[in-house]
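The sequence and the structure come first, and the description follows.

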Amino acid sequence: MLSLNYRDGRPIYEQVRDGLRRLIITGAIPPGDRLPSVRAMAAQLAINPNTIQRSYEALEQEGYAYSVPGKGSFAALPQDVTDKRRGELLKQLDAIVQELAYLGMSRGDIAARCAGRGKEDTE
């Protein structure tokens, strides 16, 4: 399900959060499905349960998951992902676009990249 990269500079909880977010977004964990228990996930990845709990809390704050006391954590429905998260992502996108423009990339090239064209330049 998830794998960790110990050479990655990001903290383990961020890797777990990002991996689960990716599974939720792609539909590998369908909306409403129960996420693995904290203990089961910790045992599977051989890490501290507190690390998994921190990842789940971050997913809840971002709107990708919700918890039901006594039942566990579940993948949120797409409409449950908050406007706040969209706003955060748009701020990041704005900063990236601004930096790309500063580095000399034209608006047309940036727009083409956003439209899914021009991927071969960096891959």
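D18 counts as buried, at 14% relative accessibility; buried means under 20% relative accessible area, exposed over 50%, and partly exposed in between, with a 1.4 Å probe and protein chains only. This is a predicted model, in which local features need pLDDT of at least 70 and side-chain atom pairs count only at pLDDT 80 or more, while totals for chains, interfaces and linings use all residues. Residues are numbered from 1 along each chain as its sequence is written, and side-chain values use heavy atoms, with hydrogens and water left out.

The side chain of D18 meets that of R17 in a salt bridge of 2.9 Å, N to O. A salt bridge here is a side-chain nitrogen of Lys or Arg within 4 Å of a carboxyl oxygen of Asp or Glu. R17 is also buried, with a relative accessible area of 14%.

## The salt-bridge network

D18 forms a salt bridge with R21 as well, at 3.2 Å, N to O. D18 and R21 are three residues apart in helix α1 (residues 12–26), so about one helical turn separates them. An α-helix has 3.6 residues a turn, so residues three or four places apart point the same way. Helices (H or I, at least four residues) and strands (E, at least two) are DSSP runs, numbered from the N terminus.

R21 is in turn joined to E62 by a salt bridge, with the closest N and O atoms 2.9 Å apart. This pair links distant parts of the chain, since E62 lies in helix α3 (residues 49–62) and R21 in helix α1, 41 residues apart. Both E62 and R21 are buried. A network of salt bridges links D8, R10, R17, D18, R21 and E62. Over the whole structure, a search finds six salt bridges.

## The hairpin and its rings

Strands β1 (residues 65–68) and β2 (residues 72–75) run antiparallel and are joined by four bridges; two strands pair if DSSP finds at least two bridges between them. V68 has G72 in β2 as its bridge partner. Three residues lie between the strands of this hairpin, where G70 takes a positive phi near 80 degrees.

A search of the whole structure finds one aromatic pair. The pair is stacked, because the rings of Y66 and F74 have their centres 5.6 Å apart and their planes at 20 degrees. Rings of Phe, Tyr and Trp (its six-membered ring) pair if their centres lie within 6.5 Å; planes under 30 degrees apart count as stacked, over 60 as edge-to-face and the rest as tilted. Y66 is partly exposed, with a relative accessible area of 34%, whereas F74 is buried, with 15%.

## A charge over a ring

The charged end of R54 sits over the ring of Y13, 3.8 Å from the ring centre. The criterion is that NZ of Lys or CZ of Arg is within 6 Å of the ring centre and within 35 degrees of the ring normal.

## The chain as a whole

The chain has five helices and two strands, in the order α-α-α-β-β-α-α along the sequence. Its radius of gyration is 17 Å, well over the 14 Å that the globule rule gives for 123 residues, so the chain is more spread out than a compact globule. That radius is taken over C-alpha atoms, and the globule rule is 2.2 Å times the number of residues to the power 0.38. Buried residues make up 30% of the 123 residues.
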